[in-house]
Amino acid sequence: MELKNKRVLVVGIGKSGISAAMFLRGLGARVTVSDTRSAIALAEQIPALLDAGVMVESGGHGLLTFRRQDLIVVSPGVPLDTPEVKQVIGYGLPVIGELELATRFLKGQIVAVTGSNGKTTTTSLIGKIFADAGRPTQVGGNIGLPVIELIAGSTDETTNVLEVSSFQLETTEEFHPRIAVILNITPDHLDRHHSFEAYVAAKEKIFANQTADDALVLSADDLTTQMCAGKTKARVYWFSATKVVRQGAFLRDGVVCWVEKEGGKSEPILPVAEIHLKGTHNVENVLAAVCAARLAGVPAEQIRAAVASFKAVEHRLEYVRTVKGVEYFNDSKATNVDAAMKAVESFAGCVHLILGGKDKDSDYTQMAQVGGKPLGERVKSVYTIGSAAEKIERQLVGVVKIVSAGTLATAVAKAASGATAGDVVLLAPACSSFDQFDNYEHRGRVFRQLVMDLPG
């Protein structure tokens, strides 16, 4: 991909957008960045971009700016139906995302993980298994470093373990992982994709360029992912926490097992008791990671050691503190209804649940039943926060006791006041964070600090 002296526009001055702009400048491209935020809001980012010779357009997108380019690179946070982007696509100008740009230059093989929930935990675990096994490994994408920042450290021997979102996948063309993992697909980001079918189609692009030499790992317990098996050219491997699979990873008598091919002999990997993560969904994440690791040739004993020493990822059912006998857990990454339900299901009961944030066109009535039980049997009270509070209260009225809190600080204070020894206070918002916080990490850090500040 020759980019020297090419006119390239990067849309969105976020983390990946800045990385893409700097990378493109390093290749000799004539780079412009465009963002709808004002110059004042971008005051921290603009000087470094200008010093690197990048032109900056702030406060809105100019259609002429878009039309004067040889290539347009959109950041994950920029929808493809943004008017200017939509128009230049109609004009036939090439539009790709940072993931697509980066992987055209990335060396080594790619293991890519997507799904509505569990991506970060599974990606982190796969990365740890490979690294602990002594393999040159890099982890990035929708977690940690943008993929474009992995290029400099990649070699032909590198395994690049990437978390990839639907936002990143929808702008791919040639993206080709050696091993692709789809953990689950449940309704999410419908405010961005507008329909569940469009969301599924974006997820399915993870295997669009795979061949019979590649592997696709799918959940045998998720109906939507099951449908992917008939759409791929790759070899399909399954994981399941409820049944034995033909080839892949499954549970038998409390042990995680692996079978390489249909009719083959199953191989014990590790006892479930050695998985130090709460919830059935995390057992599923381990099963998916086992598939990826065994497909890459990592021995069972090395997988077992890595899984046994793996701890919960920050903001994912992360234990914070026990105060007066009440346990506090931070699952700020539970940004959709399904993730929040799985978080609640991880506890036997007596939960004080903090819900809310920015709505993503979600249906909260699905939470009326969690794990086969009425929500009210698992959750003592729901504390609503953020712009989605009114909708949540309306859809869960009569299902569970609801306390209108408004802010996270108020919710923590009210939950601490209402909880008794043996209870759990859980932040699992089922919403994005962008109404009151910069991102889910910011929300999780604020929650942790609020809990640490509680007396007792």
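A polar contact is a pair of N or O atoms within 3.5 Å; within protein, one atom must be able to donate a hydrogen and the other to accept it, and residues adjacent in sequence count only if both atoms are side-chain atoms. The model is predicted, with local features requiring pLDDT of at least 70 and side-chain atom pairs counting only at pLDDT 80 or more, whereas totals for chains, interfaces and linings use all residues. Residues are numbered from 1 along each chain as its sequence is written, and side-chain values use heavy atoms, with hydrogens and water left out.

Figure 1. E100 counts as buried because its relative accessibility is 1%, where buried means under 20% relative accessible area, exposed over 50% and partly exposed in between (1.4 Å probe, protein chains only). A polar atom of the E100 side chain lies 3.0 Å from the backbone nitrogen of E174. With neighbours within four places in sequence set aside, E100 is in contact (heavy atoms within 4.5 Å) with T171, T172, E173, E174 and F175.

**Figure 2. The loop that holds G144.** This loop runs between β7 (137–141) and β8 (159–163). G144 has a relative accessible area of 53% and is therefore exposed. Its C-alpha is 9.6 Å from that of T120, a residue 24 positions away in sequence.

**Figure 3. D423 and its partner H352.** D423 belongs to the loop between α16 (408–418) and β22 (424–427). A relative accessible area of 3% is why D423 is classed as buried. The side chains of D423 and H352 are joined by a polar contact of 3.0 Å. Apart from neighbours within four places in sequence, the residues in contact with D423 are G325, V326, E327, C350, H352 and K380.

**Figure 4. The whole chain, for orientation.** The chain contains 17 helices and 22 strands, and its C-alpha trace spans about 65 × 55 × 35 Å along the principal axes. Of its 456 residues, 55% count as buried. Among contacts between residues at least 6 apart in sequence, 65% join residues at least 24 apart.

Note on methods
Helix = DSSP H or I, 4+ residues; strand = E, 2+ residues; numbered from the N terminus.
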